[in-house]
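I opened this entry to keep a plain record of what I looked up. The sequence and the structure come first.

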Amino acid sequence: MNTRSVLALLLVSLVALSGCDRQAMMSEKGFRLPDGDPDAGREAFFYMQCNQCHTISGEQVAGIPGYPPPYVELGGSVTQVRTYGQLITSIINPSHKLATGYATEVVSEDGVSKMYIYNEYMTVQELIDIVMFLQPHYKVVPPDYQYRMYPG
Ligand code: HEC
């Protein structure tokens, strides 16, 4: 191998290594917020006017006068546990993964969620409490498979 290819190889492995490093550094492993208070979460939910756009499965949630009725339901039946991490991500990084079950143009514009970004206004405590309040409203149900019966 000549010097140039050794250098090239070194460069490639450096780039690859730094890629791994970054991936490891950006991992959510070890992330855990303390438990919150669901009652305080309910208060924060209405105080922050999340009901401008959201209803909650199993709760009476009125919209906000002067605004169109809320159109995205939180909670309800899901086929997989809605994890703590997913809920937090939905709130602080809404465009990361848009809610399923809605036409994209209803909930987003150019790939960006229509949800407001609260990061500059919501305290970490409010976030913790809101997630604690919302999580029990999701009910895991088995997916509705269509079983095909084979003739015996
Ligand atoms: C201006 C309208 C609007 C407001 C206000 C709003 N949201 Fe949203 N929210 C949306 C839309 C649209 C979606 C669906 C697209 C997406 O996933 O970002 C959404 C999605 C979500 C989801 C994910 C739902 C799922 O099933 O994946 C959560 C959780 C959520 N919002 C929580 C909140 C909370 C908590 C507040 C108040 C702090 C709030 N939202 C305020 C519009 C809004």
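**Ground rules**

I am working with a predicted model, in which local features need pLDDT of at least 70 and side-chain atom pairs count only at pLDDT 80 or more, while totals for chains, interfaces and linings use all residues. Residues are numbered from 1 along each chain as its sequence is written, and side-chain values use heavy atoms, with hydrogens and water left out.

His 54 belongs to strand E1 (residues 54-56), whereas Met 115 is in the loop between strand E5 (112-113) and helix H5 (124-134). The pair is 61 residues apart and links distant parts of the chain. Helices (H or I, at least four residues) and strands (E, at least two) are DSSP runs, numbered from the N terminus.

The cut-offs are under 20% relative accessible area for buried and over 50% for exposed, with partly exposed in between (1.4 Å probe, protein chains only).

**Helix H5**

I looked at H5 next and found it mostly covered, with eight of its eleven residues buried. Among them are Glu 126, Leu 127, Ile 130 and Phe 133. The buried residues of H5 pack against helix H2 (38-47), E1, strand E2 (72-74), H3 and strand E6 (138-140).

From the H2 side I picked Ala 44. It counts as buried, at 6% relative accessibility. Leaving aside neighbours within four places in sequence, Ala 44 is in contact (heavy atoms within 4.5 Å) with Glu 126 and Ile 130. Both of those are on the list of buried H5 residues.

**Pockets**

I looked up the largest pocket and noted about 1200 Å³ of space in it. A pocket here is an open set of points, on a 1 Å grid over the protein atoms alone, where a 1.4 Å probe fits, with protein on both sides within 12 Å along at least five of seven lines; lining residues have an atom within 4 Å of a point.

The lining has 42 residues, and Arg 82, Ser 90, Leu 98, Ala 99 and Tyr 138 lie nearest the centre. Elements giving two or more residues to this lining are E2, strand E3 (76-78), H3 and H5. H3 gives the largest share, six residues.

The second largest pocket has a volume of about 220 Å³. Residues that line it include Glu 28, Phe 31, Gly 85 and Asn 93.

**Leu 98**

I went back to Leu 98, one of the residues nearest the centre of the largest pocket. Leu 98 lies in the loop between helix H3 (84-92) and helix H4 (104-107). It is partly exposed, with a relative accessible area of 24%. Beyond its neighbours within four places in sequence, Leu 98 is in contact with Thr 104, Ser 108 and Ser 113. Its C-alpha atom is separated by 9.8 Å from that of Lys 114, 16 residues apart along the chain.

**Backbone angles**

Most residues other than glycine have a negative phi. Which residues did I note with a positive one? Gln 49, in the loop between H2 and E1, has a phi of about 60°. Asp 110, in the loop between strand E4 (108-109) and E5, has a phi near 50°. Gln 49 is partly exposed at 39% relative accessible area, and Asp 110 is exposed at 80%.

Key
Grid points are joined across faces, edges and corners, and a volume is the space filled by probe spheres set on the points.
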